[in-house]
Amino acid sequence: MFIFCMIIIMCTNLTLMTNVINKRRQYKDLCTIKLYQMKKLIVIGFVASLLFIMSCGESPKSDNNTSETNSESPKSMLNEKPEGYDPKRGEGKYTAEMLKLDGTIDDAKAKTGEGIVGVKCASCHKMTDEKLVGPGWKGVTTRRTPEWIMNFISNPDPMIEKDPAVQAQLELCLVRMPNQGLNDDEARNILEYMLKNDK
Ligand code: HEC
């Protein structure tokens, strides 16, 4: 499009220039007319070029506008999806009632959890607040509810799609947390280990 416009501008300018030269020959002896004609033609040339540049500049802009409005509709569709999504609980089978946490730490569970974390999670997560591949776990039990953590670690994929907090982390980490195939007990033991780490 831009190149097309440039060609048109160059053509008009060329024809105008040849006109100027022709006129100059015709009115060789009439200096004032020659100057007048030249000025007039140059002004017309400039105006024409300006108009072309403006029209070239505007058409892609309007394209952008339409694409913006187009991209807005899928966006609003995306926002519609998590409407039934509870960012406190996440998505999955776990609820606050199921976990029945009373604030005490079961050291045996935490110890088992630590073992599983060493095998399945430590390559990406530290127990401090420092990011490795994924976010550090210090304070995770205050950032998220226990049921959110249980739902996320047992099946991260639906929550990566829907949870705004996880999407923000994904933007920072640039890696999707893979499903580690945890069973109920493993997930529960890891949660205990996280709770102990935050005590
Ligand atoms: C391949 C790297 C990787 C492995 C292995 C991994 N995670 Fe993750 N985890 C991530 C990333 C990356 C995120 C950030 C969210 C995202 O981008 O999906 C994350 C996020 C999390 C969060 C949310 C943290 C927060 O602050 O909200 C928890 C909890 C979590 N992971 C637990 C686990 C557990 C438990 C395991 C082991 C069973 C594990 N992760 C294994 C990469 C990993």
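Author: Let us begin with burial: a residue is buried if 20 or more other C-beta atoms lie within 10 Å of its own, exposed if 12 or fewer, and partly exposed in between, with C-beta atoms placed from the backbone. Helices (H or I, at least four residues) and strands (E, at least two) are DSSP runs, numbered from the N terminus. This is a predicted model, in which local features need pLDDT of at least 70, side-chain atom pairs count only at pLDDT 80 or more, and totals for chains, interfaces and linings use all residues. Residues are numbered from 1 along each chain as its sequence is written.

Reader: How many residues of helix α6 are buried?

Author: Helix α6, which spans residues 146-154, is mostly covered, with 9 of its 9 residues buried; among them are Trp148, Ile149 and Phe152.

Reader: Which helices do the buried residues of α6 pack against?

Author: Two residues are in contact if their C-beta atoms, placed from the backbone, lie within 7 Å. The buried residues of α6 pack against α3 (96-99), α5 (140-143), α7 (156-162) and α9 (184-198).

Reader: What should I look for in the phi angles of the loops?

Author: Most residues other than glycine have a negative phi. Lys100, however, has a positive phi of about 45° although it is not a glycine, and Lys100 is found in the loop between α3 and α4 (107-120).

Reader: Why does Lys100 count as exposed?

Author: Lys100 is exposed because 7 other C-beta atoms lie within 10 Å.
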